[in-house]
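Please view the sequence and the structure first.

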Amino acid sequence: MNFQSKFLTRSRSLQSLLCVGLDPDYHKLPEIVKRSPEPLFHFCREIIDATAPYAVAYKPNIAFFEVFGSSGILQFEKMIGHLKNNHPHIPIVADIKRGDLDNTARQYARYYFGDLQVDSLTLSPYMGLDSLRPFLEYQDHLVFWLCLTSNPDAAQFQKKRFSETGRTLYEEVAYVSKSVSPLNLGFVVGATNPGELDALRRQNPDRIFLIPGFGAQGIKKIRSGFCLRSASSSPGFGAQGARLEDLLPVCGPLSLINSSRGIHFASNDADFASRAGQEAEKIHRQMQAQFNNL
């Protein structure tokens, strides 16, 4: 089953768009987890098993594993194995944000798609389409190209306009991707940009969007040109970032709305997994109530 089929089957079954991010920042882990010989794997395994009834997909971030060198990579691989063996119906989006020349990209693709068999990856488009093609050879998998991200300084580059076309950089990324099958390529579009998200969705109705920046992960300030506005005074933003009621009407059903810290760091005590499950269920219920209107 390719990524698109796996995603659609799971999303329609749950009537949800919830992607559970896995960012096991060691310094924020519960003390009971830190005492484990494999704390990153221990933490993620418990979060996965507690949230699996509500997760349309999982998005583990490789950075929180790489920082521990070979031990961290082994725990990352063990976590991927746990997902594939115990929750094979839930797609995995490896958040790696790679983007390099063809021969280097081919090695990344071989490791993540060939060896680990993750379903999808995040990639940077900065080096152009030839940095993407080795990944697209794995036709049952999908890559999410960074298009418009949710960090405060994204506008420094992503909203600059090309004098030749009048398009911004993020619009140019979406435009040049038109030669790539929608089955293979999706976009990362931050939840903190609901207006631009709406426009990108209308222009790209068949692409799958990965939408970070929702909930506790949402930024509290955004940059518009050179002016900073408080997120709480802008449409689509609350004290905890972008709101579901603003995202769901514009993102469409071909989307994964990611929540990481708001779920897996809901508690720093021994009940961390059960609290994560409760938070995931809460978001799931909210999405479920509006799913048929997407």
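Leaving aside residues up to four places away in sequence, glycine 72 touches Leu40 and Phe65. The model is a predicted one. Glycine 72 belongs to helix 5, which covers residues 69-86. Its relative accessibility is 0%; glycine 72 counts as buried because this value is under the 20% cut-off. Leucine 123 is 51 residues from glycine 72 along the chain, and the C-alpha atoms of the two are 21 Å apart.

Serine 16 is located in a loop, with helix 1 (3-14) on one side and strand 1 (18-22) on the other. What does serine 16 touch, not counting residues up to four places away in sequence? The residues are Ser11, Tyr54, Val56, His284, Met287 and Phe291. A polar atom of the serine 16 side chain also lies 3.1 Å from the backbone nitrogen of leucine 18. Serine 16 has a relative accessible area of 0% and is therefore buried.

Leucine 101 is in the loop between strand 3 (93-98) and helix 6 (102-115). Is leucine 101 buried or partly exposed? Leucine 101 is partly exposed, because its relative accessibility of 47% falls between the cut-offs of 20% and 50%. Together with Tyr126 and Met127, Leu101 makes a nonpolar surface patch of about 380 Å².

The table lists the accessibility values for these residues.

| Residue | Relative accessibility | Class |
|---|---|---|
| Serine 16 | 0% | buried |
| Glycine 72 | 0% | buried |
| Leucine 101 | 47% | partly exposed |

Technical notes:
Residues are numbered from 1 along each chain as its sequence is written. This is a predicted model: local features need pLDDT of at least 70, side-chain atom pairs count only at pLDDT 80 or more; totals for chains, interfaces and linings use all residues. Side-chain values use heavy atoms; hydrogens and water are left out. Helices (H or I, at least four residues) and strands (E, at least two) are DSSP runs, numbered from the N terminus. Buried means under 20% relative accessible area, exposed over 50%, partly exposed in between (1.4 Å probe, protein chains only). A polar contact is a pair of N or O atoms within 3.5 Å; within protein, one must be able to donate a hydrogen and the other to accept it, and residues adjacent in sequence count only if both atoms are side-chain atoms. Contact means heavy atoms within 4.5 Å. Patches are made of residues with over 30% relative accessible area and no salt bridge: like charges are joined within 9 Å, nonpolar side chains (Val, Leu, Ile, Met, Phe, Trp, Tyr) within 5 Å. Accessible areas come from the Shrake-Rupley method with a 1.4 Å probe; for residues, only the protein chains shown count as cover. A salt bridge is a side-chain nitrogen of Lys or Arg within 4 Å of a carboxyl oxygen of Asp or Glu.
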